[in-house]
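Student: I have the model open and would like to go through it with you piece by piece. Can we begin with one of the helices and work outwards?

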Amino acid sequence: MRTENHRIDLHYHVIPEPYVAELAERGIKGSTYVPFPKWTPGKAIRHMDRNKVRIAVTSLSSPGVWFGDASLARRLSRLCNEFQTRMMEDFPGRFGSLACLPLPDVKGALAELAYALDELHHDGVVLLTDTEGCYLGDPEYEELFAELDRRGSVVFIHPHDDPGQQGRYDIFSPLLEWPVHTTRAVMDLLYSGRLKRFPNIRFILAHGGGTVPYLAHRIASGLHRADSGRGEKMAGMGDLDSPGPSNDVFEEGVGLLKRLYYDTASPGQAHLAALQEFVGPSHLVFGTDGGWTPPIQTAQTIDELLAYDGFIPSELRTIEEDTALGLFPRLRETAATTSPSAA
């Protein structure tokens with residue numbers, strides 16, 4: 001069994017101190033359920049080494065950058081994106097990066113996308129599932145997705161806090177609502193036609209895709225309704241003699257969902273089994289949710305993956321590193337320069 005650092009973690013979060021300080025001035029001290037951890041790039045390196053992670057592709061998580069102020073969102077996006085680039089420069093071979101964008105400010109998002117990819121050389125982008133109830137299939141986002149498609153971008157989709165869930169049961173948000181938000185975002189992308197229209201975007205779904213692998217066929221069965229117009233009565237549902245929706249539409253929907261990539265961050269044994277059955281190892285990528293999650297939880301996530309007996313060694317290698325290298329060709333050069341180190 002390999003003992004050297006070999007894993008590529010596609011779900012690792014940054015919590016830059018300047019970002020935390022900016023939000024603290026506005027009374028924001030963390031995500032819904034968890035306060036901001038005391039995080040530094042040096043701690044990230046030590047955390048990675050303990051878990052045999054060679055490269056972490058970093059991203060900003062919830063609460064994100066949007067707090068109702070477009071200028072603040074643009075400033076926070078630039079701050080975090082430049083911070084991630086400095087991490088790549090300061091720790092050669094250890095980090096990739098996914099840029100954050102100031103959605104729902106589409107004009108600002110397009111400008112930041114160009115700067116992040118062309119000037120800062122990020123490897124893709126992270127998009128939160130929703131902002132103020134606006135999910136990723138919203139018509140206002142069409143120009144942004146067209147540009148992401150033109151560039152053949154990798155887009156990591158991560159769930160967002162639901163302010164309406166705050167209160168006595170804050171813990172429900174990351175444990176229950178987040179997987180649901182991911183599922184809703186995927187359904188919105190599918191039903192809006194965006195998954196079909198923009199085939200060059202490679203989507204990665206956090207937390208094993210939420211409930212998508214379990215509900216994929218149920219989700220696809222509703223695609224014909226979306227094709228006929230949102231809110232309209234399902235064709236044939238009131239007539240038992242009707243043949244109902246075309247099977248071709250259903251199969252197309254399932255195929256589009258199978259084209260997505262799903263990470264291994266906290267999925268558990270049953271989730272892994274569903275993912276293996278639905279997409280197989282070629283569309284699974286290694287992720288730990290590092291940065292926000294404590295080391296013991298990261299270890300549990302890895303232990304679940306290693307304990308699952310459904311993957312042979314070559315398939316486990318595909319999940320832990322090979323698929324990531326296919327999604328991010330630049331990491332091949334990065335990986336070649338990597339040597340384990342602590343900071």
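Tutor: Let us begin with helix H12, whose buried residues are covered by elements including S1, helix H2 (41-50), helix H11 (268-278) and H13. The names are DSSP runs numbered from the N terminus, with helices being H or I of at least four residues and strands being E of at least two, while a contact is a pair of heavy atoms within 4.5 Å. Please keep in mind that this is a predicted model, in which local features need pLDDT of at least 70 and side-chain atom pairs count only at pLDDT 80 or more, although totals for chains, interfaces and linings use all residues. Residues are numbered from 1 along each chain as its sequence is written, and side-chain values use heavy atoms, with hydrogens and water left out.

Student: OK, so which residues of H12 are buried?

Tutor: In H12, Thr298, Thr301, Ile302 and Leu305 are buried, where buried means under 20% relative accessible area, exposed means over 50%, and partly exposed lies in between, for a 1.4 Å probe and protein chains only. Looking down the axis of H12, these buried residues fall within an arc of 90°, so they line one face of the helix; the arc is that of the directions from the helix axis to the C-beta atoms.

Student: And what sits on the face of H12 turned away from its buried side?

Tutor: That face carries the exposed residues Ile296 and Ala307.

Student: How far does H12 reach?

Tutor: H12 has 13 residues and spans 18 Å from its first C-alpha to its last, which is close to the 18 Å expected at 1.5 Å a residue, the expected span being 1.5 Å times one less than the number of residues.

Student: Switching to the sheet: in what order do the strands come?

Tutor: The open sheet has 8 strands in the order S1-S2-S3-S4-S7-S8-S9-S10, with parallel pairing, and two strands pair if DSSP finds at least two bridges between them. At its edges lie strand S1 (7-13) and strand S10 (284-285), each of which pairs on one side only.

Student: What packs on the sheet?

Tutor: Helix H13 (residues 313-327) does, touching S1, strand S2 (53-59), strand S7 (154-158), strand S8 (202-205), S9 and S10, and its direction makes about 75° with that of S1. For such angles, axes are lines fitted to C-alpha atoms, for helices over the stretch in contact, and the angle runs from 0 to 180 degrees between N-to-C directions.

Student: Then what about S3, is it enclosed or open?

Tutor: In S3, 6 of the 6 residues are buried, so the strand is largely enclosed by the rest of the structure. Phe95, Ser97 and Ala99 point one way from S3, whereas Gly96, Leu98 and Cys100 point the other way. In a regular strand the side chains alternate between the two faces of the sheet.

Student: What do S3, H4 and S4 make together?

Tutor: They make a right-handed β-α-β unit. Right-handed here means that, with the strands pointing away from the viewer, the path from the first strand over the helix to the second runs clockwise.

Student: Which residues have a positive phi without being glycine?

Tutor: Glu132 has a phi of about 50°, and Asp289 has one of about 70°. Most residues other than glycine have a negative phi, and most peptide bonds are trans.

Student: Are those two buried or exposed?

Tutor: Glu132 is exposed, with a relative accessible area of 65%, and its place is the loop between strand S5 (130-131) and strand S6 (134-135). Asp289, by contrast, counts as buried at 8% relative accessibility, in the loop between S10 and helix H12 (295-307).
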